[in-house]
Amino acid sequence: MFSDVKFHLIYNIANAPIRSYPFPHIYVRDVFPEGFFAELRQNLPAHDGYTVLQDSGRVGKGYSRARLSLFPADLDKSNLQPAQRDFWRRVFETLGDGEFAACVFDRFRAQIEQRFMTSDGTRRGLKVWHETFLMRDLDTYSLGPHTDNAAKLVSMLFYMPPDDSAAELGTALYVPKERGYTHEGGPHLEFKDFDHVFTVPYARNVVTAFPKTAACFHGVEPVKGANKQRDILFFDLKGKFKD
């Protein structure tokens, strides 16, 4: 792609204000050009174009079977039409472009560098990589409050609903009832132990992003009502200390 789309994204993300509470995050409407967003919607796979995430080996056996996934490595064996497969390959490649990844890193550079600062105040070098993929969450899906795993630097979610009628399906932000509590990441915790602060609305052409910290508690409130689903394009920036 879509170089014009890439620069539209970079412009919107680089200039988005960081909302500091309950943890640093951005929330941007109209993040893609409207015509391109319509193409994203038109090319969304049917259910049989995805794999149940639990069957992918990427999550544990206790993970919900109501989350479907499509990763770049699975495109060639997916049940997609050739033109549809090519479209998503180009989308994944564009978001994997180093210029876009650098924009995402720079937007949250302060939080990333603070997290990786050593005890003597120096900063070690980071090895950084990314992963881009599609997810579809079905109507029984929910996700308890949690912080992301240690490999994450930034989580970015592009919402792709047809309209704004299911705004409650967005990413929920929490603070622990035990103020000051932090968690290094991994398990999903109990809703009862957290206060719900805000839900980034699951609305057309919206992106939200936030850095991994031990206090970035987020999740998905239990879905109420039948025949609801969430279509999301994910961009995850990951990293670790260089050897």
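Modeller: Let us do so, bearing in mind that this is a predicted model. Tyr21, Val197 and Phe198 form a nonpolar patch on the surface, and together they have about 280 Å² of accessible area.

Colleague: Where is tyrosine 21 placed?

Modeller: Tyrosine 21 lies in the loop between α1 (3-14) and β1 (26-29).

Colleague: And is tyrosine 21 buried or exposed?

Modeller: Tyrosine 21 is exposed, because its relative accessible area is 56% and the cut-off for that class is over 50%.

Colleague: Turning to the sheet, what is the order of the strands?

Modeller: The order is β1-β9-β6-β11-β4-β3-β2, in an open sheet of seven strands with antiparallel pairing. β1 and β2 (51-52) stand at the edges; each has a single partner strand, so one side of each lacks a neighbour in the sheet.

Colleague: Over how many bridges do β6 and β9 pair?

Modeller: Strand β6 (residues 152-159) pairs with strand β9 (residues 206-211) over six bridges, in the antiparallel sense. Within this pairing, leucine 157 has threonine 208 of β9 as its bridge partner.

Colleague: Which strands does helix α4 touch?

Modeller: Helix α4 (residues 98-107) packs on the sheet and touches β4, β6 and β11, with its direction at about 75° to that of β11. Helix α3 (residues 82-95) lies across β3 (67-70), β4 (126-137), β6 and β11 (230-241), and runs at about 145° to β4.

Definitions and conventions:
Residues numbered from 1 in each chain as written. Predicted model: local features only at pLDDT ≥ 70, side-chain atom pairs only at ≥ 80, totals over all residues. Heavy atoms only, no water. Patch = residues over 30% accessible without salt bridge, like charges linked within 9 Å, V, L, I, M, F, W, Y side chains within 5 Å. Areas by Shrake-Rupley, 256 points an atom, 1.4 Å probe, with all protein chains shown as cover. Salt bridge = Lys/Arg side-chain N within 4 Å of Asp/Glu carboxyl O. Helix = DSSP H or I, 4+ residues; strand = E, 2+ residues; numbered from the N terminus. Buried < 20%, exposed > 50% of the residue type's maximum accessible area, 1.4 Å probe, protein only. Pairing = 2+ DSSP bridges. Contact = heavy atoms within 4.5 Å. Axes fitted to C-alpha atoms, helices over the stretch in contact; angles between N-to-C directions.
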